[in-house]
Amino acid sequence: MSQKRPVVLITGGSRGIGAAVAQLAAARGYDVAINFKSDRAAAEEVLAACRIAGANVVACQGDMAREEDVARLFDEAVAALGPVSHIVNNAGITGRSGRLDATAAETIRACIDINVLGAIFVAREAARRLSTRHGGPGGTIVNISSVAARLGSAGEYVWYAASKGAIDSLTVGLSQELAGDGVRVNAVSPGITRTDIHEKSTGDAARVERLRSRIPLNRIGEPEEVAEAVLFLMSDAASYITGANIPVSGGR
Ligand code: NAP
């Protein structure tokens with residue numbers, strides 16, 4: 001009898017790092033639920049690629065900054081694919097680059113709402129659904145942080161760096177809280193990775209090439225390289241790892 005494939009739910013899975021995680025997960029034997037906010041066509045493309053790899057799939061629209069959308073996302077994923085056992089807490093934005101003293105409150109608020117509040121809502125829902133304490137199957141949560149939490153992003157988006165500092169604290173605390181409940185919680189901290197975020201979110205597409213010389217490996221990372229670290233942390237190969245934070249940053 002064929003075994004049921006484990007189900008992974010990826011927030012912001014329609015583009016960039018989330019899309020790469022979705023496709024690698026499909027290839028590694030997971031069924032895949034992806035969330036997107038606005039770009040349904042991009043989400044459908046990712047689903048098509050996952051299907052070719054043999055996965056059952058679903059795409060769920062929702063703004064991860066909204067508590068009610070987070071709960072609905074989990075409901076839709078479970079209804080389509082069965083109990084979810086792996087969560088990749090990935091949706092995030094930066095806001096337009098600039099010094100803090102020149103940045104509008106709306107820019108900062110939008111970033112904190114999705115990157116901090118949204119990620120905490122997703123983690124809370126994951127804790128409720130996955131924990132054996134609540135009758136869940138156990139599993140893993142992988143939070144997508146950033147090396148910005150350590151570097152600070154001066155002159156670019158210190159509020160974004162601060163939002164990722166919050167993700168690092170969330171990872172440590174929640175890993176301890178859920179350690180006895182069958183859920184491992186880890187983070188991956190990408191460095192500069194080739195996605196649309198640089199153009200669409202920061203408004204500074206040239207940034208990627210400008211910063212290349214500061215990367216010891218002297219190149220930009222690919223989303224697939226970040227996805228490899230995420231899939232490792234989700235896997236049984238990482239069975240004794242919780243509360244860890246893996247930088248995928250070319251040495252930066
Ligand atoms: P991206 O290419 O801009 O993709 C962002 C994804 O998140 C899209 O699927 C987008 O969906 C979704 N999204 C945005 N706001 C959302 C919201 N409010 N609710 C639900 N989904 C939302 O970004 P990326 O570069 O892959 O970044 C993914 C994660 O990696 C983020 O947490 C980012 O901070 C982190 N990261 C990226 C880099 C890098 O260099 N790329 C470095 C360090 C950390 P729609 O298109 O439908 O809006």
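# Exercises on the pockets, cavities and ligand site

The lining of the largest pocket comprises 49 residues, and those nearest its centre are Gly92, Ile93, Thr94, Ile197 and Ser201. The model is predicted.

## Exercise 1. The largest pocket

Determine the volume of the largest pocket, the elements that each supply at least two residues of its lining, and the classes into which the lining residues divide.

Solution. 

1. The volume of the largest pocket is about 1100 Å³.
2. At least two lining residues each come from α1, β2, α4, α5 (148–151), α6 and α7.
3. Among the elements, α7 gives the most to this lining, with four residues.
4. By class, the lining of the largest pocket consists of 19 nonpolar, 18 polar and 12 charged residues.

## Exercise 2. The ligand and its shell

Locate the ligand, and describe the residues that surround the ligand.

Solution. 

1. The largest pocket is where the ligand sits.
2. Two or more residues of the shell around the ligand come from each of α1 (16–27), β2 (31–36), α6 (158–178) and α7 (197–201).
3. The ligand is surrounded by 32 residues, the closest being Ser14, Ser38, Asn90, Tyr160 and Thr195.
4. Sorted by class, the shell contains 11 nonpolar, 15 polar and six charged residues.

## Exercise 3. Polar contacts and burial

Then state what share of the ligand's exposed area the protein buries.

Solution. 

1. The ligand taken alone exposes 910 Å², of which the protein buries 95%.

## Exercise 4. The enclosed cavities

How many cavities of 30 Å³ or more does the structure hold? Describe the lining of the largest cavity and of the second largest cavity.

Solution. 

1. There are two cavities of 30 Å³ or more in the structure.
2. The largest cavity has about 40 Å³ of volume, and its lining is formed by Asn89, Asn90, Ala91, Asn115, Ala119, Ile144, Lys164 and Ile167.
3. Elements that give two or more residues to this lining are α4 (105–130) and α6.
4. The lining of the largest cavity has four nonpolar, three polar and one charged residues.
5. The second largest cavity holds about 30 Å³ of space; around it lie Thr11, Met64, Asn89, Ala91, Ile114, Gly118, Ala119 and Val122.
6. With four residues, α4 gives the most to the lining of the second largest cavity.
7. By class, that lining has five nonpolar, three polar and no charged residues.

Technical notes:
Residues are numbered from 1 along each chain as its sequence is written. This is a predicted model: local features need pLDDT of at least 70, side-chain atom pairs count only at pLDDT 80 or more; totals for chains, interfaces and linings use all residues. Side-chain values use heavy atoms; hydrogens and water are left out. A residue is near a molecule or strand if one of its heavy atoms lies within 4 Å of it. Accessible areas come from the Shrake-Rupley method with a 1.4 Å probe; for residues, only the protein chains shown count as cover. On a 1 Å grid over the protein atoms alone, a cavity is a set of points where a 1.4 Å probe fits but cannot get out, and a pocket is an open set with protein on both sides within 12 Å along at least five of seven lines; lining residues have an atom within 4 Å of a point. A molecule sits in a cavity or pocket if more than half of its atoms lie within 2 Å of its grid points. Ala, Val, Leu, Ile, Met, Phe, Trp, Tyr, Cys and Pro count as nonpolar, Asp, Glu, Lys and Arg as charged, and the others, Gly among them, as polar. Grid points are joined across faces, edges and corners, and a volume is the space filled by probe spheres set on the points.
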